[in-house]
Amino acid sequence: MVAVIGLGNMGMAMLTRLLATGHQPRAWDLDPAKRAAARQAGAAIGADIADSVADLTIFSLPHDAAVAEVLGHVLPALPQGAVIIDTSTLSPRAVRGFAEQARARGVFYLDAPVSGGPAGAAAGSMAMMVGGDAAALERATPLLQHLTARLLHIGPSGAGQVAKLVNNLLVASHLVTAGEALRLGAAAGVAPEALLPVLNGASGRSAVTEVNWPRWIIPGSFDSGFSAGLMRKDVGLALELAQELGVRLEATGRAAALWQELRDAVPDAADFNRLSAVLFEGAKP
C-alpha cells in the first residue's frame, strides 16, 4: 500500500501517475478541495492524516516546518519498518534530524527530492536523488520505478538534498545567464528562435536552453508548475548550506542575488521561467 501526503502540483501529479499505473493510493492534504479532487480521481482519503498513511508513504510538502508538523502526526500511526519517501526540497541538516526522529520510531525516512516538475511526475520520467538507508530504498524501488526514469542513491541521509540544492542552484544560474546571453544575441540582430538551435547543438546548451526556453518562455505559456517562490526557497537553502560550510559562491552567488533583487518584476507566485524572460527584456535589479 502507498500513500501521498501533500497534494500540490507535484503531489497530485505523482498521485495521478500511481493511479494510472494500477495502484490504489491513500492521500491527504490540509486543503479539503484537494482531498476532494484526489478522492474523485480514485484515491482513498482517510478520516484524518494519521488514517491516510501506508507502509510506503510519499511526502510532497513545501518546507521544513511542514515536514516537521506532518511527521508529528504520522510517525505514531506508521507500522514498524514503514518507509517515508520525502520528495520535498529541504535543508540537509533538517532531514538528518527527521531521519533520526523516524528511526527512533522504527521507521525509515528517505530524503528523495526530484527533478522534472509536475509533467515529469505525471509521465513517470522524473529524476529522484535519494539519501538514506539503501535497504529501505531497495524496498521502495518497485514503486518508485513507476514515478522515475532515473532513481539515484546518492548516499546517507541529507545527501539527496545536497544533490537537489546543487542542481537547483545551477538551474537558477542558467536561467539568469541564458536570459542575458540571448538578450545580447537579440541586440545584435539574432533572435532566440535562431540562436537556440545553435546553442543546443553546441557546448553552450543547458536544460534551460533545451527545455525551458522552447517550451515555456518563447511561447509565453509560463505554466511549468514550478513557481519563482519555490526556486527562491531552494536557492536560499543552497546559500545557507554554503554559509554553513564556509564555501564562497562567486558566480552562482551573484545569480542567486538576482533572484531576490528581481522579486518585484517576478513575484513569488509567478512561474520561475519568467525571471529569464525579464532579464531578456532588459529588466534591471
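On a 1 Å grid over the protein atoms alone, a pocket is an open set of points with protein on both sides within 12 Å along at least five of seven lines, a cavity is a set where a 1.4 Å probe fits but cannot get out, and lining residues have an atom within 4 Å of a point. The model is predicted, so that local features need pLDDT of at least 70 and side-chain atom pairs pLDDT 80 or more, while totals for chains, interfaces and linings use all residues. Residues are numbered from 1 along each chain as its sequence is written, and side-chain values use heavy atoms, without hydrogens and water.

**Exercise 1.** Describe the second largest pocket and its lining.

Solution. Step one: the volume is about 170 Å³, taken as the space filled by probe spheres set on the points, with grid points joined across faces, edges and corners. Step two: the lining includes Gly-81, Arg-103, Phe-108, Tyr-109, Leu-110 and Asp-133. Step three: strand 6 (108-111) and helix 4 (92-103) each provide at least two lining residues, and strand 6 has the largest share, three. Helices (H or I, at least four residues) and strands (E, at least two) are DSSP runs, numbered from the N terminus. Step four: the lining comprises six nonpolar, four polar and two charged residues. Here Ala, Val, Leu, Ile, Met, Phe, Trp, Tyr, Cys and Pro count as nonpolar, Asp, Glu, Lys and Arg as charged, and the others, Gly among them, as polar.

**Exercise 2.** Which helix gives the most to the lining of the largest cavity?

Solution. Step one: there is one cavity of 30 Å³ or more, and the largest cavity holds about 60 Å³ of space. Step two: among its lining residues are Arg-93, Arg-96, Leu-237, Glu-240, Leu-241 and Glu-244. Step three: helix 10 contributes the most, four residues. Step four: by class, the lining has four charged, three nonpolar and one polar residue.

**Exercise 3.** At what angle do helix 7 and helix 10 pack?

Solution. Step one: helix 7 (residues 159-187) and helix 10 (residues 228-245) pack at about 115°, with axes 9 Å apart. Axes are lines fitted to C-alpha atoms, for helices over the stretch in contact, and angles run from 0 to 180 degrees between N-to-C directions. Step two: the contact (heavy atoms within 4.5 Å) involves, among others, Leu-165 and Leu-169 of helix 7 and Leu-237 and Leu-241 of helix 10. Step three: these contact residues divide into 10 nonpolar, one polar and one charged.
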